[in-house]
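Dear colleague,

I am handing over the structure below for your own reading. My notes on what was found in it follow directly after.

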Amino acid sequence: MLRFAVFGSPIVQSKSPVLHQAFATSVNKTLVYEKIEVKLGELKQALATFREQGGIGANVTVPLKVEAYELCDKLTEAARTAGAVNTLFWQHNEMWGDNTDGEGFIRDLINNLKLNLKDKRILILGAGGAARGILSPLLALSVKNIVIVNRTLLKAQSLANRDERIKAYSFDTFEAAAEAPFDLIINATSASLQEAVPPLAPHWVKGAIAIDLVYRLEQETVFMRWAHQQGATAVYDGLGMFVEQGALAFKRWFDVYPKTEEAMRTLRVK
Ligand code: NDP
């Protein structure tokens, strides 16, 4: 049986096994896909054991994406740009790292949510791995500009150095208010996991589309509820991105694109 796994910590909540089983069924493949709890600093050993036991492909999630990036022998262009890896595969005994988060997010925006971002003003909350991964694919869609607001200003500033259309601010100052209004607000912080909403001025959200990269299958996230209350025109979660980034990883391993709509339905009812 072909063996796959997702590595991370905590990992118990991961829906990746359900997702990849649904993908495999959709294209008549069989696989074993496990969750493996691995703490920071322990990925190298965990991957060596996985390979010895016949593992042929893997996903990597919080907090291991940068550690995976540093361990890879070879990187795809997307992984190099993001500085983080979420998908591993092996070729000629060399470990390759890819990052499908950014392209997965864009596929969700365009194919599922039917958004056109040309000349749109984007606000990204957060400057961690997820923000880094979605930045270049968003710029490639000819957006007008991107404002990044992060708790730690330095991290936002280092991302803003990538392109003159990006500006960086911290939540502390509210200087970013001069940049409003925005067409699309992307919550790329992990605040929703702590049931917190980043300190945003409510009028930034009014009339904008709001997306939280976090998803909760059983209910809206706290950010989604807040965005609805402040008058966002549409509010989405990160499930579409999750499914699309997984589909791109699956394509890496099997060279076939799985059926994402069926997998999305499977996850929503789980
Ligand atoms: P990181 O740990 O790399 O970054 C976390 C970010 O959130 C940082 O910018 C951090 O700010 C900010 N942050 C954390 N807590 C708060 C808070 N209470 N208030 C304001 N800002 C806060 O995580 P990732 O970038 O990898 O992931 C971010 C989120 O996106 C995660 O919750 C993850 O679940 C989700 N995600 C979803 C995916 C999907 O497929 N749907 C794919 C990838 C990620 P600071 O820099 O100051 O610490």
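Contact here means heavy atoms within 4.5 Å. Helices (H or I, at least four residues) and strands (E, at least two) are DSSP runs, numbered from the N terminus. Axes are lines fitted to C-alpha atoms, for helices over the stretch in contact, and angles run from 0 to 180 degrees between N-to-C directions.

Please note that this is a predicted model, in which local features need pLDDT of at least 70 and side-chain atom pairs count only at pLDDT 80 or more, while totals for chains, interfaces and linings use all residues. Residues are numbered from 1 along each chain as its sequence is written, and side-chain values use heavy atoms, with hydrogens and water left out.

Beyond neighbours within four places in sequence, Leu47 is in contact with Phe7, Leu71, Leu88, Trp90 and Met95. Leu47 and Leu71 are 24 residues apart in sequence, yet their C-alpha atoms are 9.9 Å apart in space. With a relative accessible area of 4%, Leu47 is buried (buried means under 20% relative accessible area, exposed over 50%, partly exposed in between, with a 1.4 Å probe and protein chains only).

Helix α1 and its partner α11

Of the 11 residues of α1, 8 are buried, and the helix is mostly covered. The axes of α1 (residues 16-26) and α11 (residues 260-269) come within 9 Å and cross at roughly 140 degrees. The two helices are therefore oblique to each other (under 35 degrees counts as roughly parallel, over 145 as roughly antiparallel, 65 to 115 as roughly perpendicular and the rest as oblique). In this contact, Val18, Leu19, Ala22, Phe23 and Ser26 of α1 meet Thr260, Glu262, Ala263, Thr266 and Leu267 of α11. After α1 comes Asn28, which has a positive phi near 55 degrees.

The parallel sheet

A further open sheet has 6 strands in the order β9-β8-β7-β10-β11-β12, with parallel pairing. Strands β9 (166-170) and β12 (234-236) stand at the edges with a single partner strand each, so one side of each has no neighbour in the sheet. From one strand to the next, the twist averages 15 degrees. Strands β7 (residues 121-125) and β8 (residues 145-150) pair over 5 bridges; Ile122 stands opposite Ile146, and Leu125 opposite Val149. Strand β8 is mostly covered, with 5 of its 6 residues buried. Helix α9 (residues 222-229) lies across β7, β10 (184-187), β11 (209-212) and β12, at about 170 degrees to β11.

With kind regards

Notes. Pairing = 2+ DSSP bridges.
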